[in-house]
Amino acid sequence: EIGDQGATGLAEALKINSTLTKLDLRSNAIGDQGATGLAEALKVNSTLTELDLHNNPIGDQGATGLAEALTINSTLTGLSLSLNATGGQGATGLAEALKINSTLRWLDLHSNEIGDQGATGLAEALKINSTLRWLDLISNEIGDQGATGLAEALKINSSLKWLYLHSNEIGDQGATGLAEALKINSTLTNLDLSSNEIGDQGATGLAEALTINSSLQCLYLSTNAIGDQGATGLAEALKINSSLAYLYLHTNAIGDQGATGLAEALTINSTLTRLNLHSNEIGDQGATGLAEALKINSTLEWFDLHSNEIGDQGATGLAEALKINSSLTYLHLHANAIGDQGATGLAEALKINSSLTCLYLHTNSIGDQGATGFAEALASNSTLKDLALCENNIGETVFDKLRRLKRGGRNIVF
């Protein structure tokens with residue numbers, strides 16, 4: 001921990017140095033004094049391109065000093081102030097700098113306390129700034145007001161590609177505002193709204209936006225309050241949208257109805273490659289519907305259904321799909337209610353399937369019969385590289401059979 005004294009010394013060196021391009025000062029107990037010293041150096045230095053000040057106690061004073069430096073500096077392209085103590089005042093200062101600065105490409109303010117005030121200030125800056133590509137505002141106490149401000153900015157801004165708003169306090173109002181912006185914005189590719197307070201209304205608004213938007217590639221809505229209605233709305237959008245590749249909906253309240261809607265969408269959609277539905281309320285009915293969709297879909301590669309309520313019937317349906325599907329490489333089914341019947345079906349599918357590389361079935365109710373099926377299947381299957389069967393009811397004799405199959409880079413966890 002170099003502290004303020006060490007940071008000040010480095011700052012003096014930066015005023016003279018003409019070769020250093022990246023400086024990592026993470027977790028060094030640097031406060032406002034040290035940050036201010038570094039800011040003074042940035043006004044003079046013309047070679048540094050990235051400065052990482054993650055996990056320090058830099059507050060508004062230090063952030064404001066760095067902001068002033070950004071109005072003069074013309075070489076820095078990346079600045080991380082994540083996990084500091086910067087509030088609305090510091091963020092507002094940085095926002096003012098962004099109205100002038102034309103070189104910064106990424107700004108990381110993850111885990112600060114900028115709130116709606118800071119988010120609104122940054123939003124105003126985004127209406128003017130044309131160079132920032134990546135903005136991380138995760139865990140910053142931003143609510144609907146801040147989200148609405150950012151939404152208005154997105155209607156005008158044409159440079160930002162990644163916006164991370166994970167773990168804030170954004171509800172349906174803020175999500176709806178962002179959705180309206182997506183109908184106009186044509187440059188944003190990644191939007192992370194996980195761990196907020198978005199329900200069916202917000203999800204439905206975002207779904208409507210997806211029917212129009214053609215640039216968004218990744219949408220993260222995990223750990224919200226989205227149920228079947230919201231999932232069904234998103235499913236309808238997927239029938240039309242042709243740009244989204246990743247959709248994360250884990251840890252919501254989606255049941256069989258929502259899963260069935262998403263299944264119908266997968267029979268039409270040809271761009272989605274990752275779908276995360278873990279930790280929802282999907283049972284055999286939903287899993288069977290999704291399985292039928294996988295018989296038709298040829299683009300989905302990564303599918304996570306762990307921690308749902310899927311039993312043997314759903315697993316058997318997925319097994320039948322794997323006999324036909326040739327695009328899926330990753331299937332996560334751990335922490336469901338799959339027993340020997342479902343496991344045997346999946347094992348039989350592996351004798352035919354030649355695309356799946358990862359299958360996770362730990363924490364189910366699989367016994368020796370199901371595990372023996374996998375041992376037999378792996379003797380002929382040459383594509384599966386990762387199989388997880390731990391925390392089931394498998395005996396040592398069968399484990400010995402599986403151990404003998406751990407070769408050629410294959411990883412079997414039991």
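Biologist: What percentage of the 414 residues of the protein chain count as buried?

Modeller: Let's start by saying that this is a predicted model. A residue counts as buried when its relative accessible area is under 20%. Across the 414 residues of the protein chain, the share that counts as buried is 58%.

Biologist: How many helices and strands are in the protein chain, and what box do its C-alpha atoms fill?

Modeller: The chain holds 15 helices and 15 strands. Taken along the principal axes, the C-alpha atoms fill a box of roughly 70 × 45 × 25 Å.

Biologist: Among contacts between residues at least 6 apart in sequence, what percentage join residues at least 24 apart?

Modeller: Contact here means heavy atoms within 4.5 Å. Take the contacts in the protein chain between residues at least 6 apart in sequence; the part that joins residues at least 24 apart is 89%.

Biologist: How far apart do the centres of the positive and negative side chains lie?

Modeller: The protein chain has 23 positive side chains and 46 negative ones.

Biologist: Are helix α1 and helix α2 roughly parallel or roughly antiparallel?

Modeller: Helix α1 covers residues 3-14 and helix α2 covers residues 32-42, and their axes come within 8 Å and cross at roughly 5°. Angles under 35 degrees count as roughly parallel. That crossing angle therefore makes α1, relative to α2, roughly parallel. On the α1 side the contact includes A7, T8 and A11, and on the α2 side it includes G34, G37 and L38.

Biologist: At what angle do α10 and α11 cross, and which residues of α11 make the contact?

Modeller: The axes of α10 (residues 256-266) and α11 come within 8 Å and cross at roughly 0°. The two helices are therefore roughly parallel to each other. From α10, the contact uses D256, A259, T260, L262, A263 and L266; from α11, it uses D284, Q285, G286, G289, L290 and A293.

Biologist: Which elements do the buried residues of helix α8 pack against?

Modeller: Helix α8 spans residues 200-210, and its buried residues are G202, A203, G205, L206, A207, A209 and L210. Those buried residues pack against α7 (172-182), β8 (218-220) and α9 (228-238).

Biologist: And what covers the buried residues of α12?

Modeller: In α12, residues 312-322, the buried ones are G314, A315, G317, L318, A319, A321 and L322. Their cover includes α11, β12 (330-332) and α13 (340-350).

Biologist: Is H278 buried or exposed?

Modeller: H278 sits in the loop between β10 (274-276) and α11 (284-294). Leaving out residues up to four places away in sequence, H278 touches H250, T251, D304, L305, H306 and N308. Its relative accessible area is 13%, so H278 is buried.

Biologist: What is the relative accessible area of H166?

Modeller: H166 lies in the loop between β6 (162-164) and α7. Not counting residues up to four places away in sequence, H166 touches I138, S139, D192, S194, S195 and N196. H166 is partly exposed, and its relative accessible area is 24%.

Biologist: Does S158 count as buried or exposed?

Modeller: You can find S158 in the loop between α6 (144-154) and β6. Residues over 50% relative accessible area count as exposed. With 55% relative accessibility, S158 therefore counts as exposed.

Key: Residues are numbered from 1 along each chain as its sequence is written. This is a predicted model: local features need pLDDT of at least 70, side-chain atom pairs count only at pLDDT 80 or more; totals for chains, interfaces and linings use all residues. Side-chain values use heavy atoms; hydrogens and water are left out. Buried means under 20% relative accessible area, exposed over 50%, partly exposed in between (1.4 Å probe, protein chains only). Helices (H or I, at least four residues) and strands (E, at least two) are DSSP runs, numbered from the N terminus. Lys and Arg count as positive and Asp and Glu as negative; His and the chain ends are not counted. The place of a charge is taken as NZ of Lys, CZ of Arg, CG of Asp or CD of Glu. Axes are lines fitted to C-alpha atoms, for helices over the stretch in contact, and angles run from 0 to 180 degrees between N-to-C directions. Angles under 35 degrees count as roughly parallel, over 145 as roughly antiparallel, 65 to 115 as roughly perpendicular and the rest as oblique.
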